[in-house]
Each structure stands twice: as structure tokens, then as C-alpha cells.
Amino acid sequence: MNALRLASLNGDHLGRTIISAGNVRFGEDFVVIAGPCSVESEEQTLKTAQEVKAAGAHMLRGGAFKPRTSPYDFQGLGLQGLKILEKAKQETGLPIVTEVTDPRDVSWVSEYADVLQIGTRNMQNFSLLKEVGKIDKPVLLKRGMNSTLKEWLNCAEYILAAGNPNVILCERGIRTFETYTRNTLDLSIVPAVKETSHLPIIVDPSHGTGRLSMIEPMSLAAMAAGADGIMVEVHCKPAEAMCDKDQAMSPDMFGGLMKKLHILRSSMSKMNGKAMQGSGASNS
Amino acid sequence: MNLKEIRKKIDSIDGQILQLLNARMEQVLIANKFKTEIEDTDREKEILDRIRISATGLIQGEFIERIFTEMIQESKRLQNEGFNLIAFQGDHGAYSEEASILWNSRLVPFPCRSFAEVFEGVQSGLYDYGMVPVENTLGGSVDQVNHLLIHADLHVVGAVELPVRHCLLALPDTDHRQIRSVYSHPQALSQCRRFLSRNNLEPVPYNDTAGAAKMLSETRPKRSAAIASRLCAPLYNLEIIKEGVEDIDRNMTRFLVLSKGEAMGEGDKCSIVFATEHKAGTLFNVLRVFAEKDINLTRIESIPNEPGDYAFFLDFEGSDKDRPVMEALADVERMTTQFRLMGCYTERRGQ
């Protein structure tokens, strides 16, 4: 990993990077990002935003520009979608993360969003990476579905080298021969990132599994693996979602997940506290 | 050319018809100030005769007569309402109009071309009130207005502090990524300098903010947008691309409301204007009067009047019916060469 001057854990970067977006701090708190796959209407977005806020989410996600497998699928509301997200932010106080797919949109999306997401299909879109490297908002860089850790960190390096020090990594599953799940969620990448890079990493179990029943266990596993947060899809009426409806949680399910994350969080801090005491004792 | 494009043209023409209708009704209200009676059958006949002759193209005499008869009916109804008018400088949608609505939403805001026109119109009784900006957080004092205030024989009957929130407006269906030029008043452009540079937009100075929005909707320049108030979007059939594009979000403009008569009821703020003799300590002595009476000053401004001669504007908290204020005013009047209490009033603040 010699070429990773800025992304790797060495030299000037011995400590972990902490990235602020609104009142949220990646790398310090366990950040839960929730919201619909795409912004479909003002009503749906505001309702979902209020529900996830009430359940304890820290940030709102929602796509205005949707890169879809088929050109005939819903492509997103574009600027209109960004305005709806801005309104949801005003009403709930939740900072916004939304995807940008085109270098020409970068400056405009950053007028509305608190964090710009680079999707899995664009992970190696180098002109887009250079463009988000010029803005002053954090970038959430999803792992390419066919990418190695090294390739992924090199893409982060592009953004860092262009001048934007705030990159958050996001594992969202990779392609394997397994067909039962949409992708194979590679949770082992979480400690791998922690060993090699100072950047925060979160996990997206919604895309990572594509199966509603697996989102909760994989979210808990992500926390246990040491991830800095999760990003999950929640829709106020999952059956009516215009995209990825098979993996959208209802607000109730999301509320249940938040409770379990809380319990796990406190037992983990007890465990880590004891472990630290233990190591302290052996040092003395 | 397709149906969608043709309909867009129709929508734009409808918007212009509405604006013209409103402009006509405004003139009707002003005309009323010169008339002794609302009903004037000779004038109605004259209008209908002329319209019948000038009807051309697809417009037939009978149709246009019906429309104009309706319009005349509505004009008379409006004249009967006994509206009070408040004049402001700029086109409809100007921040001064927003301030007028905030101050008293029952008044009819009336656009004027210049500040002088506002002052003269209130003086001559054409308008009941005038709404003028005196200072802005980022831009400082509005000199033109302060100059007119020195000699105007008008009372200040109110004040408004308005947060200025700029919007980027464009023609409907404009691809925001294609926008290159942004028209607005130089002050508004400078307040959005960082937003413009982030998005690689070229600022183009224009007379006023609402005027830029109006020009955009009338001349439809390509790849262009305007920075103006939110009010301008429905007025000129424009789309809000982005709200709050100013670099500093605590930008306020302070307006004064002018009238020929004094303010009704008791105020909690006073404005005075005075000049002092050219001697050491004269201004200091005036300020000391307020300090000794424990009166809080909220604004002090000096404006060059004649060469070497300054007019001082002073605003302070308190009512002209309070004993300490009355005493202070009497003292100051004695110490100055020119003195005028412009008014005692209440100030309204926008959220």
C-alpha cells in the first residue's frame, strides 16, 4: 500500500480521522443513517424522515439521482429531490447524505447535502472522484461491488489527493458466486480497513444482503466488528417503494433495530472497558 | 415545436396579462385620488369606444367589450374599497415590498421608480405611506434615502427590520447546470459572492433585484438566472432553484415607514435629525444629554449635507411621551442649529 500516501495508516496519519457532518461525528460516534432508497415525493420523504428521527437515526439518506440497472427504471427526481431533502432537513434537523452521479452535479448537490455519496458503480469514476475532491463537504465512498480493499483505498486516495480530507468508507457487499443474497456483505473488511487506514468505515446491510430478514443481524454484526456506523433503507410504506422495496425496512422494524443496537453498544463498551482495564493491569 | 412548448408560451403570456391587469388596477386606484366621484359614464364610454375600434386580429369587438366592461366593474369595486397605498422603490417583489407586507398586510404596495418618487408621492398625497430602506448589515447606510430624509417634511410612523433571504430564480424547466449568468442588484450579488464562485456563475449587475427577475421572465435570456426575493417566483412565473444563497445568513435591512401624519398610538422608538454649530464639542454635548438621561441610542449616522456641513441621524429607545425623553429632546433642540423629531413609532422585526 505504498501509493496510499494519504489514505493509509502511517506517517502523518497514526490517529483515526474524525469527520463532522452537522452535529454528527463519524469515527467517534456510531452513526446510523436511515431513509428511503430514493426521494419519491415530498410526503413520503418527510414522513420517513420524521419516523427515522423519532426512532433515533442520526442522518437522513435519500437518492435524488438514481443510477439504475435499467434505463427504464425510475431515475430519481433530480433537483426537485434535493429541494425535498433540504425541506426534510429543515423539519427534522437530520443532516442529509445523497448520491451524486455526474461531475456536473457535484457543486449543486453540495449546496443541499451535508455528505455526498459516491455509489458502488461510480467508485472508480475518477473524474467524479476528482470533482468531489474539490468541495468542502465530506464524501461517503461506497466500495465497488468488484473491488479489492487496495482498489477501494486508492479511490479514497484520489479524493484526498484532490484536497478533500473528509472521506468516509462504506462497505455495501461484493459479487460472489452466492445467489441467495443480492451481494455478499464482507464484514471482514471492517477490521481490515481499521488495520490499514485511518478513515472511518460504515456498513450498508440493505444493499449488502438485499434481504429484509438479514438487515438486523448484519447491522448488529457490523457494530460488533467495529464499524463506525450503518446505513439502512427505511420507507414509510415499504410495499409502495419505487425502488429496492424488498430491502426497505418499515419504521417499526427500524425502531426495533435501534433498540438492539443500543443494548449491544452498552455491552460492547462494558466489554471494551474491561478489556482496557485488563490490559492496563498487565502493563503495570 | 410541440404542445408542451406551446403551452409554456401560453403560460408566459398569461403571466404577462396578469401583471398588466394588476398594473392597470394600480393606476385606477391612483386615478381615484384625482376624482370626486367613482362613477364616470363618459370615461367608460370613451374606453369602450376606443377598444372596439382598436380590436384587431382574432379579437372581436363584442368579446373585448365584455372583458373591458368586467374590468371597469372591478376597477370601480376596488376604488370603492378605500384602500390605503404604501409606495416603495423597485418592481413588484422587491424587498421593500416584503417589508411593506410585513408592516401592514392590509395596505396595497405600490411600485415607484425612484426613492424621490416615493418621497414626493407621499408628500403630495398620492400614497398614504412610503417604505424606504435606511441601512443594511452588509451594505451599510442607504445614502440616497438618508439625503432625502434630511429635508423631507414627512413623519416616521414605523420601522421594519427584515432578514434578507436571497433566492436563485430561473425560468421554469431551466437545467440548473446550464446557468452561467446571474442578474441582480450589485449589493445582492456581493452578498452571494461565495455561492456564485462555488458554482462557477458569472454575476451580472442590474438595477434592482425584482427588476432582474422581471427582465428574466420578459426577455428570457439563455443560460441565465436572477437573485431576488422569494416573492418574485410566483410574480414572474419563475422557479426557485435554491433558497438562501447569501453567504452570511444574518443579513438584515432596516426600513422606515413615512407618512404625512404622525404615528397613531404610543411608540417605543424615536428618530431625530439635527445639525450642530461648527464648534468643538457640540456633537459630544448632544450625545451627553442622552447618556445622562440613560437613553439607549440604536443608530447614529452622519450624512454630508452641504460642503463642510453634516446632518446627524439619531435613533433611540423610548417614547416621546416619557418624561426623560421629552426633556432630552427639549435640551437637544436648544443646542442644535437644525432639529426635527422625525417620529415616535414601534419597530417590527421579521423572523
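Tutor: Start with M59(A), which counts as buried because 26 C-beta neighbours lie inside 10 Å. The cut-offs are simple: a residue is buried if 20 or more other C-beta atoms lie within 10 Å of its own, exposed if 12 or fewer, and partly exposed in between, with C-beta atoms placed from the backbone. Keep in mind that this is a predicted model, in which local features need pLDDT of at least 70, side-chain atom pairs count only at pLDDT 80 or more, and totals for chains, interfaces and linings use all residues. Residues are numbered from 1 along each chain as its sequence is written, while chains are lettered from A and ligands numbered from 1 in the order in which they are written.

Where does M59(A) sit? It is in strand β4 of chain A, residues 59–61. Helices (H or I, at least four residues) and strands (E, at least two) are DSSP runs, numbered from the N terminus. Leaving aside residues up to four places away in sequence, M59(A) touches V24(A), V31(A), I33(A), L94(A), P95(A) and V97(A). Two residues are in contact if their C-beta atoms, placed from the backbone, lie within 7 Å. D114(A) is 55 residues away along the chain, yet its C-alpha atom is 9.4 Å from that of M59(A).

How far can chain A be trusted? Its mean pLDDT is 91, and 94% of its residues reach 70 or more. Residues 277–284 of chain A fall below 50, and beyond near neighbours in sequence that stretch has 0 contacts in the model. The pLDDT is the predictor's confidence in each residue, from 0 to 100. Where it is low, the predicted coordinates should not be read in detail.

Now cross to the partner. The contact takes 6 residues from chain A and 6 residues from chain B. On the chain B side, 3 are polar, 3 are charged and none is nonpolar. Here Ala, Val, Leu, Ile, Met, Phe, Trp, Tyr, Cys and Pro count as nonpolar, Asp, Glu, Lys and Arg as charged, and the others, Gly among them, as polar.

Chain B has 12 helices and 16 strands. Its C-alpha atoms fill a box of roughly 75 × 60 × 35 Å along the principal axes. Of its 351 residues, 35% are buried. Among its contacts with a separation of 6 or more, 71% join residues 24 or more positions apart.

Two residues of chain B make a contrast. N2(B), in the segment before α1 (3–32), is exposed, with 6 other C-beta atoms within 10 Å. H92(B) touches E97(B), P111(B), A210(B) and L235(B), not counting residues up to four places away in sequence.

Of the 11 residues in α9 (residues 209–219), 8 are buried, so the helix is largely enclosed by the rest of the structure. The buried ones are T209(B), A210(B), G211(B), A212(B), A213(B), K214(B), L216(B) and S217(B). After α9(B) comes R220(B), with a positive phi near 45°.

Finally, look at how helices pack. Axes are lines fitted to C-alpha atoms, for helices over the stretch in contact, and angles run from 0 to 180 degrees between N-to-C directions. Helices α2 (residues 41–54) and α3 (residues 61–80) of chain B pack at about 150°, with axes 9 Å apart. That makes α2(B) roughly antiparallel to α3(B). Angles under 35 degrees count as roughly parallel, over 145 as roughly antiparallel, 65 to 115 as roughly perpendicular and the rest as oblique. E44(B), I47(B), L48(B), I51(B) and R52(B) of α2(B) meet G61(B), I64(B), E65(B), F68(B) and I72(B) of α3(B). This contact of α2(B) with α3(B) has 6 nonpolar, 1 polar and 3 charged residues.

Helix α1(B) also packs on α3(B), at about 50° and with axes 9 Å apart. The two are therefore oblique to each other. M25(B), V28(B), L29(B) and N32(B) of α1(B) touch S75(B), L78(B) and Q79(B) of α3(B). Here the residues divide into 4 nonpolar, 3 polar and no charged.
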